[in-house]
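Here is a short briefing to read alongside the model. Have the sequence and the coordinates open, and we will go through the fold topic by topic.

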Amino acid sequence: PPLPTKSPIGRLDSTPTFSRYAGTTSFHQLPISKRTKDALRRANFTHMTDIQRASLPHALCGRDILGAAKTGSGKTLAFVIPVVEKLHRERWNPEDGVGSIIISPTRELAAQTFDVLKWVGKYHNFSAGLLIGGRKDVQVEKERVNGLNILVCTPGRLLQHMDETPNFDCSQLQVLVLDEADRILDVGFKKTLNAIISQLPKRRQTLLFSATQTKSVQDLARLSLKDPEYLSVHEKS
Ligand code: ADP
Ligand code: MG
């Protein structure tokens, strides 16, 4: 279910001392903005999970990432933080248009990611939109989509905007994220995803995360990944 907007993590790790990740590296050791650190602290996130610790240093350097870690391991922050930080460093403003696109395979996952983005970005000035179709009025979206900096979307709805929204412009895209990449790269989305990718600038950072490193994820030529970091994190216990 979607997390509550206020203090979404409160019930999980409300006392930092008892954090499941105490003893691992803290978020404060990362080269990230005070705004993001404040938001993390506000939500009682203190220490990184394994996949976050493995991938964030690379992602924050602008490298392409192929990250695999099981469900529940904290992959959302592993891409939301680099997205927010990239636009922060580029001094992105609401009028600069689409700087990042985060693609999720389902509306529910997109909505959950959007909630995380909202609280991580709460002290930043970016605009963000959840484009997932369903009952939401696409006409209203079309009027607003060009004023959004970060799009969290399902493949179908994103392609619909690319095809139908006048002046839809993602030529300045900085970071593309595929969450649950193995599912998005699956045959069911193949046509849609290829159509999307063909309209995106090739010069960009690409972050792929999934629970498993499947064959389709390794079929990466069409995503034009540049020398990606392969990061796979498995439970030790
Ligand atoms: P995944 O995408 O890998 O399935 P999520 O990003 O959805 O995992 O995170 C799973 C849960 O872990 C969420 O409730 C999230 O708030 C929590 N979480 C993520 N990172 C941390 C962290 N560094 N410290 C404490 N809890 C975390
Ligand atoms: Mg996830």
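Is Ser-55 buried or exposed? Ser-55 is buried, because 27 other C-beta atoms lie within 10 Å; a residue counts as buried if 20 or more other C-beta atoms lie within 10 Å of its own, as exposed if 12 or fewer, and as partly exposed in between, with C-beta atoms placed from the backbone. You are looking at a predicted model, in which local features need pLDDT of at least 70, side-chain atom pairs count only at pLDDT 80 or more, and totals for chains, interfaces and linings use all residues. Residues are numbered from 1 along each chain as its sequence is written, while chains are lettered from A and ligands numbered from 1 in the order in which they are written.

**Around Ser-55**

- Ser-55 sits in helix α2, residues 50-60 (helices are DSSP runs of H or I with at least four residues, strands are runs of E with at least two, and both are numbered from the N terminus).
- Setting aside neighbours within four places in sequence, Ser-55 is in contact with Ile-65, Gly-67, Ala-78 and Leu-231, where contact means that C-beta atoms, placed from the backbone, lie within 7 Å.
- Val-116 is 61 residues from Ser-55 along the chain, and their C-alpha atoms are separated by 18 Å.

**The sheet**

- Seven strands make an open sheet with parallel pairing, in the order β3-β4-β2-β5-β6-β1-β7; two strands pair if DSSP finds at least two bridges between them.
- At the edges are β3 (128-131) and β7 (229-233), each of which pairs on one side only.
- On average, neighbouring strands of this sheet are turned by 10° against each other, direction ignored (axes are lines fitted to C-alpha atoms, for helices over the stretch in contact, and angles run from 0 to 180 degrees between N-to-C directions).
- Helix α4 (residues 107-120) lies across β2 (100-103), β3, β4 (150-153) and β5 (175-179), and runs at about 150° to β4.

**Strand β1 and its partners**

- β1 (residues 65-69) pairs with β6 (residues 205-210) in the parallel sense over four bridges, and with β7, also in the parallel sense, over five bridges.
- Leu-66 stands opposite Leu-208 in β6 and opposite Tyr-230 in β7.
- Ala-68 has Ser-210 as its bridge partner in β6.
- Both faces of β1 are covered: Ile-65, Gly-67 and Ala-69 are buried on one side, Leu-66 and Ala-68 on the other.

**The nonpolar core**

- The largest nonpolar core has 58 residues, and those touching the most other members are Val-83, Ile-101, Ile-102, Leu-151, Val-152, Cys-153 and Val-177; such a core is a set of buried Ala, Val, Leu, Ile, Met, Phe, Trp, Tyr and Cys residues joined through C-beta atoms within 7 Å.
- Helix α3 (residues 75-89) gives the largest share of this core, eight residues.
- Not counting residues up to four places away in sequence, Cys-153 touches Ile-101, Ile-103, Ala-110, Leu-131, Ile-132 and Leu-158.

**Two positive phi angles**

- Most residues other than glycine have a negative phi.
- Arg-91, which is not a glycine, has a positive phi of about 50° and is placed in the loop between α3 and β2.
- Arg-91 counts as exposed because it has 7 C-beta neighbours inside 10 Å.
- Glu-180, not a glycine either, has a positive phi of about 55° and is found in the loop between β5 and α7 (181-184).
- Glu-180 counts as buried, as 21 C-beta neighbours lie inside 10 Å.

Note on methods. Two residues are in contact if their C-beta atoms, placed from the backbone, lie within 7 Å.
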